[in-house]
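Okay, thanks for coming, everyone. Let me put the structure up and then we'll walk through some salt bridges and the interface.

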Amino acid sequence: MRPFTYTKPATAAHAVRAITACGPGARFLAGGTTLYDLMKLNVETPASVVDVNSLTELSDFDTSGSSELVFGALARMSDVAADPWLQADYPALSESLRSAASPQLRNMASLGGNLLQRTRCAYFRGGEPFACNKRKPGSGCSARDGLNRGHALLGGSEMCIAVYPGDWAVALSAFDAKVDVLGPNGQRTIALEDLYREPGAAPNVETTLEFNELILRIRVPRTTLGRASTYHKIRDRESFAFALASAAVALQMDGHTVRDVRIAIGGLATRPWRARAAEQTLVGRPLTTQAARAAGAAALRGAKASNDNHFRIELGSRTVADAVMIAKQRAFGG
Amino acid sequence: MINSGLSLRAAARLSAAALANYLRSTGWTVRPSRVDGVSIFSKRLPGADEPVHVLLPELPGIEEEHHRIADALRAIQAVEARPIWTIVDQIIGNPGNRIVSGHFKSGEVVAEPSLTDIEAEQKFEAPGEVNTRSRAGGVSIELTVNGTSHKLTLDPRSSLLDVLRELLALTGAKKGCDHGQCGACTVHLDGRGVLSCLTPAVQGDGRQVTTIEGLSPPGGGLHPVQQAFIDRDALQCGYCTPGQIMAAVLCVTEGHATSPEQIREYMSGNICRCGAYAGIVAAIQDAAPKMRSA
């Protein structure tokens, strides 16, 4: 690990000032489960680390508000996953947290940091001699012709097909979440969907945040779609594994007809992926097994497979269909 | 004395002569003991009435044996309560101990490159970076481990796991993957299960750590989960066991030991390559009612 200077400010404003003074080589440190891990691999080599764990102002969350749910960026995944109101009213959000990582990691990882979790692509993490445009811009992509069973089918480019590994952001994108961000020029609010960039020609730039912008909180507008929602995650082992495919679905029925539906998919794309085309196939129609399967197919339309991951087009499609049917069961009180 | 990887790698960077120079310049005295080849290292710490004595193989006078230097480093750091790398930095920072071709020279003695040296070069940084690290200085924290408070000045890079094992000589928590994937380093931080390998030690400032060594009070016998692991043969090689037990205790106290499925889900962050999972689940089922009635 490379040496770095370490500071631990007491307020968000101080943290932003401190990191701005350090310059673009600096990183915020929260739970550390991604950053510190990648620093051990010399993939992340910050010259300065600004530890934000003292910003207790950001560690609360409130799931009881009448207009929105508010999650402080430093709330820990385990605490939020265990919230009984969230489990009852927004099972997709709770399940996305509970099905991620292990209990120990969920105790450590923060909600804001989790949004920025970096890919598990082995060529990105592995370092030299593997080429990786994300780690070292312009060096090439070892995954395109390498072992790419777990890589992205949607949102990739010639430069990068690394998958976005998280679950929480996928579920949040189904609920039109917003993110409050503090920078040197004050606070701004962006849609969660606008936080992420597709790799395109610059896979090393993953988000629309500046290095000195700090995520303060995540806000989710209250919606009647929450109760009939699910986060359905398919993986190589039953627990403590990243998604081969996942789907967040939230549903509102009007009798047997779909009044409104939200679908987002994970483990399949270079960023949290809202599947609006799939939503459109369902709205205003009776919800049958065939309709769910058609929505699944629509969600994966345009998917581009690499050597080892063709099976995940069908897997992803069926994951979405299953999730839709789970949400339907919940809509009818099941 | 057990030499773990870090002290060996640190030792690989030093010559015995450089270490002896360091000892002389930092208030240690060295005198022969009644046993051939063993010296008594002594130092009076600030505020202490009596010096601390440590028995070690003679230095210098032995060949460049890394494991002996590692023994000395571990003894020094235990007495001085500071991380090995700060000692190494100080020795290297002494102009008498200059870097020569990536190795460290003191007087006429140059450590021969060895496998350990090569590993050290890979695991540590290129030689030029060492000064940067020294200049960056340490971070002072107060860390309570198994009820004992420690004031430590740390390189901010050090993991809680390395500090527990290398600095405080609590080797119960194990380094399996060192990347948060195996659970062998599980400890309790303010009562919650965390991976000490992915916890920068400076984040332990003002907080309470419990390791397997502190699970039951001294002289208090085994914790019910420890006894259940023995009774149920819940291990083979035993390397993952301290982490398994620390996670298992929380599995019960947090209310997840209600069914085999719940136990398996809660314990999914602790990998056992011997495959003792069936025994682990049985042990947790055994221990749960005993812990509730205790």
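**Salt bridges and the A–B contact**

So, let's start in chain B: the side chains of B:Arg232 and B:Asp286 meet in a salt bridge, N to O at 2.8 Å. By salt bridge I mean a side-chain nitrogen of Lys or Arg within 4 Å of a carboxyl oxygen of Asp or Glu. B:Arg232 sits in the loop between helix H8 (224-231) and helix H9 (241-253), and B:Asp286 is in helix H11 (residues 277-293), so the bridge ties together parts 54 residues apart in sequence. Helices here are DSSP runs of H or I, at least four residues, and strands are E runs of at least two, numbered from the N terminus.

Quick caveats before I go on. This is a predicted model, with local features needing pLDDT of at least 70, side-chain atom pairs counting only at pLDDT 80 or more, and totals for chains, interfaces and linings using all residues. Residues are numbered from 1 along each chain as its sequence is written, chains are lettered from A and ligands numbered from 1 in the order in which they are written, and side-chain values use heavy atoms, with hydrogens and water left out.

Over to chain A. A:Asp37 forms a salt bridge with A:Arg120, closest N and O atoms 3.7 Å apart. That one links helix H2 (residues 35-40) to the loop between helix H7 (111-115) and helix H8 (122-126), 83 residues apart. Is A:Asp37 buried or exposed? It counts as buried, because its relative accessibility is 1%; the cut-offs are under 20% for buried, over 50% for exposed and partly exposed in between, with a 1.4 Å probe and protein chains only. A:Arg120, at 27%, is partly exposed.

Now the interface. The contact (heavy atoms within 4.5 Å) takes 32 residues from chain B and 33 residues from chain A. The two chains bury about 2,600 Å² between them, 53% of it on carbon and sulfur atoms; that's the accessible area, 1.4 Å probe, lost on putting the two parts together, summed over both. On chain B's side, B:Arg157, B:Arg192 and B:Leu198 supply 24% of the area it buries against chain A, more than any other three residues.

How many salt bridges are there between chain B and chain A? The count is two. One that I can show you is A:Lys40 with B:Asp178, closest N and O atoms 2.7 Å apart. Across the whole structure, a search finds 32 salt bridges over all chains.
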